[in-house]
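I opened this model to go through its strands, helices and ring contacts. My notes follow in the order in which I looked things up.

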Amino acid sequence: TQKGFNAALFEVENEIDTTQAAQDLWLTTSSNVPQGDPSRFKQYDTVYRHWAAQVDKVAKQNPSKNIQIAAQAEGYQWVSATTAWNNTMIATYISQGVRFDAITLHAYGAQVAGIANFAGSIRTALDAANKGNTAILVTEWGASASSDSKLGQINATNQGAAWSIQFLLQCLQGTVTGGSFLEVRDNQGTDVAGTSSNMYEATWLHVKNNNQYPKPIMNAFSMVSNMTGTRSSVTVNPTKPDLVALASSDTDSASVVVANFNTLFGQQNNQDLSTNETVTVAFKNVPLSGAVTVDRYLID
């Protein structure tokens with residue numbers, strides 16, 4: 001018997017704070033309103049409340065299903081950081097009984113530098129409203145959102161892999177609960193290999209001759225998925241500010257991922273400003289004894 005999904009998370013509208021498309025701004029006073037304008041949130045609020053009421057109704061009618069709604073799918077060139085849509089919305093929706101089960105964000109490129117602070121401010125607002133367990137989800141993310149051989153190129157290079165580790169660390173610092181890639185694989189553009197091809201946004205896989213090949217950003221997260229145990233403290237030499245690291249350990253193993261990241265996000269290219277570094281990895285206070293096996297992986 002077909003019983004449908006056991007769980008669903010609804011994300012209402014898309015990047016209403018930054019979109020410039022007139023068809024996305026049909027409830028605002030003008031389609032030319034600037035990014036972050038309050039009329040954009042008013043439109044979002046009108047639409048979201050209708051969705052929230054219906055999701056709440058269906059969720060209560062189906063208690064065995066995990067049916068949730070997220071507010072708000074911010075676009076998010078960080079424009080709304082100045083108007084604090086999320087933080088104002090949290091208190092208002094709680095006081096008025098408007099349902100929300102998660103906060104969703106989108107982040108690309110240079111925005112990686114602000115994720116921890118922005119998400120952290122949302123968590124502070126949730127804590128203040130006694131909703132501290134609410135999930136913060138990054139539902140679109142990537143080194144670049146561009147679909148071309150210049151700005152999109154970083155998604156298929158070691159720079160993109162280093163970006164992804166910096167992204168993960170920023171998310172952890174900002175108490176982000178989880179996330180998902182917008183795309184699965186390149187599904188448009190020239191079917192050729194290499195960084196000169198038309199890479200489609202922030203995808204996991206590149207396609208050549210109907211074969212799928214993992215991009216460096218996928219390999220970086222494969223490394224993270226191979227880490228076992230719990231997160232451990234890690235220290236990086238302060239004289240090498242471009243190096244970032246993530247570590248974990250359990251009773252049988254210890255892992256560390258090191259990335260060298262300093263990228264200038266421009267209009268014509270993504271220039272790698274990092275310098276070559278000699279890195280020595282050392283483990284302290286790990287309860288291991290006897291012979292060990294060392295696995296080393298390099299994304300370059």
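I looked up E8 and strand E9 (residues 243-249) and found them paired in the antiparallel sense over three bridges. Two strands count as paired if DSSP finds at least two bridges between them. Helices (H or I, at least four residues) and strands (E, at least two) are DSSP runs, numbered from the N terminus. Ser-232 stands opposite Ala-247 in E9.

I noted the source: this is a predicted model, in which local features need pLDDT of at least 70 and side-chain atom pairs count only at pLDDT 80 or more, while totals for chains, interfaces and linings use all residues. Residues are numbered from 1 along each chain as its sequence is written, and side-chain values use heavy atoms, with hydrogens and water left out.

I then traced the open sheet, which has three strands in the order E8-E9-E10 with antiparallel pairing. Strand E8 (230-232) and strand E10 (254-260) are at the edges with a single partner strand each, so one side of each has no neighbour in the sheet. Neighbouring strands here are turned by 30 degrees against each other on average, direction ignored. Axes are lines fitted to C-alpha atoms, for helices over the stretch in contact, and angles run from 0 to 180 degrees between N-to-C directions.

Next I checked what lies across this sheet. Helix H4 (residues 158-173) lies across E8, E9 and E10 and runs at about 65 degrees to E9; contact means heavy atoms within 4.5 Å.

I went on to the rings and found ten aromatic pairs in the structure. Rings of Phe, Tyr and Trp (its six-membered ring) pair if their centres lie within 6.5 Å; planes under 30 degrees apart count as stacked, over 60 as edge-to-face and the rest as tilted.

For Phe-10 and Trp-51 I read ring centres 5.7 Å apart and planes at 40 degrees, so this pair is tilted. Phe-10 lies in strand E1 and Trp-51 in helix H1, so the pair ties together parts 41 residues apart in sequence.

For Trp-163 and Phe-167 the centres are 5.1 Å apart and the planes at 10 degrees, so this pair is stacked. The two are four residues apart in helix H4, or about one helical turn. Both Trp-163 and Phe-167 are buried, where buried means under 20% relative accessible area, exposed over 50% and partly exposed in between (1.4 Å probe, protein chains only). Ring pairs link Trp-141, Trp-163, Phe-167, Trp-204 and Phe-221 into a cluster.
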